[in-house]
Amino acid sequence: MWKKSFLMFLFSLSVQKAALDCERIRKTNELPSPSLYSQTDTVMRGQNVSLSCFQQNKSLEITYFLFRGEKCLQTQDGKDEPVTFNLTVSEAHDLGPYKCKVQVANCSKYSLPFNFTFADPVTAPVLNISVIQTKTDRYITLRCISFNGSLPIDYIFFEKNITISPVISKDVRKPAEFNITKSNTVEVKEYRCKAKNRLPDHAKYSKPVTIPSTGGDCSPFCLQLLLPGLLLVLIVIILVLAFWMLRKYKARKAMKDSAPRVCRNIPMEAGIYANVRENQADEKPVPGLEPKQCVSSAQDGAEYSQEIHYADPVFQQVAPRDQENSNNSKDGYVYSELVL
């Protein structure tokens, strides 16, 4: 019986000593509240992260506890340096709040809560450039936008590898703009832009865009503006000429098809030519004046051939009619018969 009482006495003494030690630690601030931090508070789904818990007192042997809400996730013992907890953030409940607890004997302290937030990485931005050209200067407007990624997004513009703009932050999905003025030179300028949001390790660059500069009064930018108009005018002219030639061809073909045809469907406009010779009834045809066959000849470069007919007329003298021999007839007539 007395042994049990003695053990109870020793236990009470140890509890009183621990309470006195905890009270002393609190009064002397030997165990300040720990700090819980991470390299970033913005993560992607499924990202592995690290939480570090740090206690300023380096002389005590401290036990560290990591809590998410009321649930204890991990426990480590440490001294002189921070303790790191590794975990994966995949779902909404993995975002927190997290707390770190340090304990020495029966005395403990908690850190402030820490929370993560989800973010989507940016995609490669698109850089557009518009130029107004004058005789001496060029007024350039750079526009950069990333169509995906959590807002806000910060944009920076580069000429070759040199930064030429301050950080331009956009809280809405609109392009960032930056205006510069350049004199006309023979150098070739290359521009890029960079987009990044709260995920610092996922910054993206646009493709480089080159602006060739020219001297003189004309520039390729003017030609780029005029070229579509010139092409359009050329296409319209070609269409008008084609339409006009088609109508002309159809009209000529219709006129040729409607013209009367003789001798193998050759138009009458080919004409018939004849050699005329007066011949006596008892004479023979003159050599070389015999009837000739159809002869083909081209007319005005047309696709068809025209045939020309030649004929030798022969004249024969015939006697006057009876009524013409009457006494009342005062005039005399000579008739000839034309034979083709």
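These entries record what I looked up about the cysteines of this structure.

**Basis.** I worked from a predicted model, in which local features need pLDDT of at least 70 and side-chain atom pairs count only at pLDDT 80 or more, while totals for chains, interfaces and linings use all residues. Residues are numbered from 1 along each chain as its sequence is written, and side-chain values use heavy atoms, with hydrogens and water left out.

**Disulfides.** I searched the whole structure for disulfides (pairs of cysteine sulfur atoms within 2.5 Å) and found 2. With the bonded cysteines of the protein chain numbered in sequence order, I noted the pairing as 1-2, 3-4.

**Cys53 and Cys100.** I found the sulfur atoms of this pair 1.8 Å apart. Cys53 belongs to strand β3 (residues 47-54) and Cys100 to strand β7 (residues 98-104), so the link ties together parts that are 47 residues apart in sequence. Strands here are DSSP runs (E, at least two residues), numbered from the N terminus. I recorded both Cys53 and Cys100 as buried, meaning under 20% relative accessible area, with exposed over 50% and partly exposed in between (1.4 Å probe, protein chains only).

**Cys144 and Cys193.** I read an S to S distance of 2.0 Å for this disulfide. The link is right-handed, with 65° about the S-S bond. Cys144 sits in strand β11 (residues 137-145) and Cys193 in strand β16 (residues 188-196), so parts 49 residues apart in sequence are tied together. Cys144 and Cys193 are both buried.

**Further cysteines.** I looked up Cys72, which is partly exposed at a relative accessible area of 36%. Cys107 is buried, with 1% relative accessibility.

Technical notes:
Helices (H or I, at least four residues) and strands (E, at least two) are DSSP runs, numbered from the N terminus.
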